[in-house]
Amino acid sequence: MLKRKNALYLCTFPMKQLIRYQNASPIASQWRAHCRPAVAMLAGLAAAQIIASLQVYDANQSLYNALTAIHGGGYLPVPNQKIMARLQDFSTAVYGGLFFTLSTGAGISLLSLAAAWLWERVFSRNTIFLLTLLFLWGGILSVLNWKGFEPFATLYFVVIPPVTFRAAISWMPSKTGKQPRHWGMPHLLPVILLAMLWAPQAKSHLFLNIRDHILLSNPLGEKIVNFYYQYTLYPAEILKTLDQKLQKTCALKAFEGGPFKKRLHKILLAHDWLDMGEKKDVDLILINAGDELLMDNGNGVVLRIPRNEFQTHPTRFLKAFSSATDKHRFFRQFTFWSLLIGFPVSLYSFLYWLLFLWLGTWISPKIAAAASAGICCSAGLALLICLWQGKVQTIDHENLGETLMSGNRRERLATLKMLREKRLDASSFEAYPRILKSPYIPERYWLAKALGVAQGDETRTDLVRLLDDPSPLVASRAFSALGRRGEQKALAEILKRIKTSEHWYSQWHAYKALKALGWHQTDADP
């Protein structure tokens, strides 16, 4: 009973504090000023999560139909039937939708919050400035739908801005005339400082370093990484161009049976364009028109190409078709920059809000605000220091065996990366058996990558064992390593595992490994 009461207290504490500060007139204005960003962004993120869940669910249903057709056509579907069942589960869409909520939703909410602050505080609700904002808003919607109407992508930009803008204006404290123009700078300075310090890290494999040196160094971080790799591929399918998708569907029209149709069929299979026969709902309809081939996406002819040139340069024309039908370019780029900027700023705002509510129980709002900003800034600096410490300046090329035995696991990781770059056999070092059974996921991960340049039955057997690693990261890299080694003996093992695997990420790498080994989809000749 006591534990249940404590849990209830923790869940309701922020809202109780919200009501307390809102009703306490002497400090209500200060409370609203400090918590406005988090409240406004929370409203925007809530709207984003609803849209994202529906968007991913809709995409999952389309993918399910395509995979069903692929399987029915006698091809090997990826993801396999175990994952296909999850595509119809709405909870999968909700979890997958978190990616767009914390990236696209966070970015739009942040921009809307900034627009509200400028309109209210800097331009004093100037009508011309508001019209300028509306003009920019319309411009973004036009660019977003330049190559065709995108309903869900449009919903993000239509719904989130007014929701966030309205929440920001509603929670903005009234001007008292006593606050200087630079009153908000103490709250912005920590964000600006962190942005300046973190910006250089974006050029040096930022996400991989955060994953390896921060998240995978503790149990909670491992759960976050596993969640990310389990559910991110669902929204990723929405952002990919046709050329980036693992399997695409096509149909050949107006072709008579014969050598030319068979050649086209084999060319398309080699590029993972799977012929669905007479089905209409496909990614590409290739139409025979005399000396030309017409490439139709179902909404009209996109490209006209000489039929003989297509046989000579199929990759070039298939990529051109993919680029011409890509309607997500702006949305994809916006999502990336939102993940890079919007997500960390949102995280900072919510952490600041919770700290302020908690500290404000015992100390004055001004001191609580300063302390909250200081703690948030310190947390950001502490994470940055962890990354800086993870950088190994020099590795002695003559003593790689010693660094593999080092007590510093970051030195061991740097050495494993070097072994892969220099194409050295990791199994020839004394530390190999120990690293193979290391409890530290990044070590097993980078060892699997390093074994991609090794040879011999013993290391291949070790890689096959790593296919059963509890971490999908390690298993996926073991698949990639088997493909990179170029040993045909691995084909049967990969084919068996790809059909029984329960993780989409591992299956994706397994399919890539099959392609690297020269395997192609096959079915009955047309």
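Tyr-95 is found in helix 4; helices (H or I, at least four residues) and strands (E, at least two) are DSSP runs numbered from the N terminus. The model is predicted: local features need pLDDT of at least 70, side-chain atom pairs count only at pLDDT 80 or more, and totals for chains, interfaces and linings use all residues. Residues are numbered from 1 along each chain as its sequence is written, and side-chain values use heavy atoms, without hydrogens and water.

With a relative accessible area of 37%, Tyr-95 is partly exposed, a class between buried (under 20%) and exposed (over 50%), computed with a 1.4 Å probe and protein chains only. Tyr-95, Leu-98, Leu-102, Phe-227, Phe-343 and Leu-347 make a nonpolar surface patch of about 480 Å². Helix 4 (90–122) and helix 14 (329–359) are the elements that give two or more residues to this patch, and helix 4 gives the largest share, 3 residues.

Helix 23 covers residues 504–516 and reaches 18 Å from its first C-alpha to its last, close to the 18 Å expected at 1.5 Å a residue. Of its 13 residues, 10 are buried, including Trp-504, His-509 and Lys-515. Just after helix 23, Gly-518 takes a positive phi of about 90°.

Totals for the protein chain follow.

| Item | Value |
|---|---|
| Helices | 23 helices |
| Strands | 5 strands |
| Buried share of the 526 residues | 47% |
| Accessible surface | about 26,800 Å² |
| Share of accessible surface on carbon and sulfur atoms | 61% |

Methods
Patches are made of residues with over 30% relative accessible area and no salt bridge: like charges are joined within 9 Å, nonpolar side chains (Val, Leu, Ile, Met, Phe, Trp, Tyr) within 5 Å. Accessible areas come from the Shrake-Rupley method with a 1.4 Å probe; for residues, only the protein chains shown count as cover. A salt bridge is a side-chain nitrogen of Lys or Arg within 4 Å of a carboxyl oxygen of Asp or Glu. The expected span of a helix is 1.5 Å times one less than its number of residues.
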